[in-house]
Amino acid sequence: MDERTSGRGSSVSMASLARAIRAVPLEQLVALQQIVETGSFDGAADELRVSQSAVSQRIKALENQVGNIVVRRTKPVQATETGQLLLRLAKQITLAQEEAIHLIAAQGQQGVVNIRIVVNADSLESWVLPALAPVAQGHIALDIRRQDEHVSPRLLRTGEVMAAITADERPVRGCSITRLGAMAYHAVCTPEFRRRWFARGLTREALESAPLVQFDRDDRLQYRFVRRVTKAKIHPPTHYVPTSIGYNDAIALGFGWGLMPDSYARGYPEGRLVRISPEQVLVPLYWQQLRLSSPSLDEVATAIISASGKALVAA
């Protein structure tokens, strides 16, 4: 008797939740989407051209409707687990709307579909932009975020992007995943820098003293390489240069040593850079995208996956 009662209660609860979610007004989902994308209620109000109070009321109504808190009032504002699920729903609806507009728009007045993705800097500034050029010349407007490949899954989880190039082989919940290949890196510096700091080879003492070039504080590639060589946690003097071209040029100018993609290293005059280790560092990359029914998102994915076969090495 208790089990049957419990079963009926669960069924009613699920049915009530289903009715509540189906009845959520689109303006509430859009408000949630804008809050997460801008990071604040004020930013969402600016984007939607309504008052901050109106945005707050929409979110309060949404939370009452689904019976759960959907955002954490932090700086920036973050979606809760329930909020992330509703954010995915919001993106599905808005993406479907944009694609419908594109398909039914009069010739010469076609709508544009907005696709937001996140890409690591080395891929973005080497092979991804050429791969996406044909896509960008069509009906798709690309919003590309730059983030380290080890950090990018976080933007998928929070619903800030629809797809990402990541270094994580574990799919984010609600995402499909495709292995792309690997970027190949070598530790390089100028010949003068090697003579000064690594005359006795890649020793722990040398790595602890020789200046290192890092992309930014999310870039852990060099540190992982150092710790693999030394078996110790050391902290060499570090320069931070947060663009791929600037990072590579800093190494070529003698700021320090660093791991550079082979494709970039080959672009400098012969003899400008030398390796301090024969060891090749491979960073496997994956394409992850939300499981949305979207021809436009699939078009972006096809371009990325196709180009990766030529730009990356098998790993």
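Trp127, Val128, Ala131, Leu132 and Val135 of helix α6 are in contact, meaning heavy atoms within 4.5 Å, with Glu299, Val300, Ala303, Ile304, Ala307, Ser308 and Ala311 of helix α13. The residues of this contact divide into ten nonpolar, one polar and one charged, where Ala, Val, Leu, Ile, Met, Phe, Trp, Tyr, Cys and Pro count as nonpolar, Asp, Glu, Lys and Arg as charged, and the others, Gly among them, as polar.

The model is predicted, and local features need pLDDT of at least 70, side-chain atom pairs count only at pLDDT 80 or more, and totals for chains, interfaces and linings use all residues. Residues are numbered from 1 along each chain as its sequence is written, and side-chain values use heavy atoms, with hydrogens and water left out.

Two helix pairs can be set side by side, with helices (H or I, at least four residues) and strands (E, at least two) taken as DSSP runs numbered from the N terminus, and with axes fitted as lines to C-alpha atoms, for helices over the stretch in contact, and angles running from 0 to 180 degrees between N-to-C directions.

| Helix pair | Angle | Axis distance |
|---|---|---|
| α6 (residues 121-136) and α13 (residues 295-311) | about 140° | 9 Å |
| α2 (residues 26-38) and α3 (residues 41-48) | about 120° | 8 Å |

Angles under 35 degrees count as roughly parallel, over 145 as roughly antiparallel, 65 to 115 as roughly perpendicular and the rest as oblique, and α6 and α13 are therefore oblique to each other. The residues of the contact of α2 with α3 divide into six nonpolar, three polar and one charged.

Not counting residues up to four places away in sequence, Ile304 touches Trp127, Val128, Leu132, Ile165, Leu180 and Trp287.

Trp257, in the loop between α11 (244-252) and β9 (258-261), is buried, with a relative accessible area of 0%, where buried means under 20%, exposed over 50% and partly exposed in between (1.4 Å probe, protein chains only).
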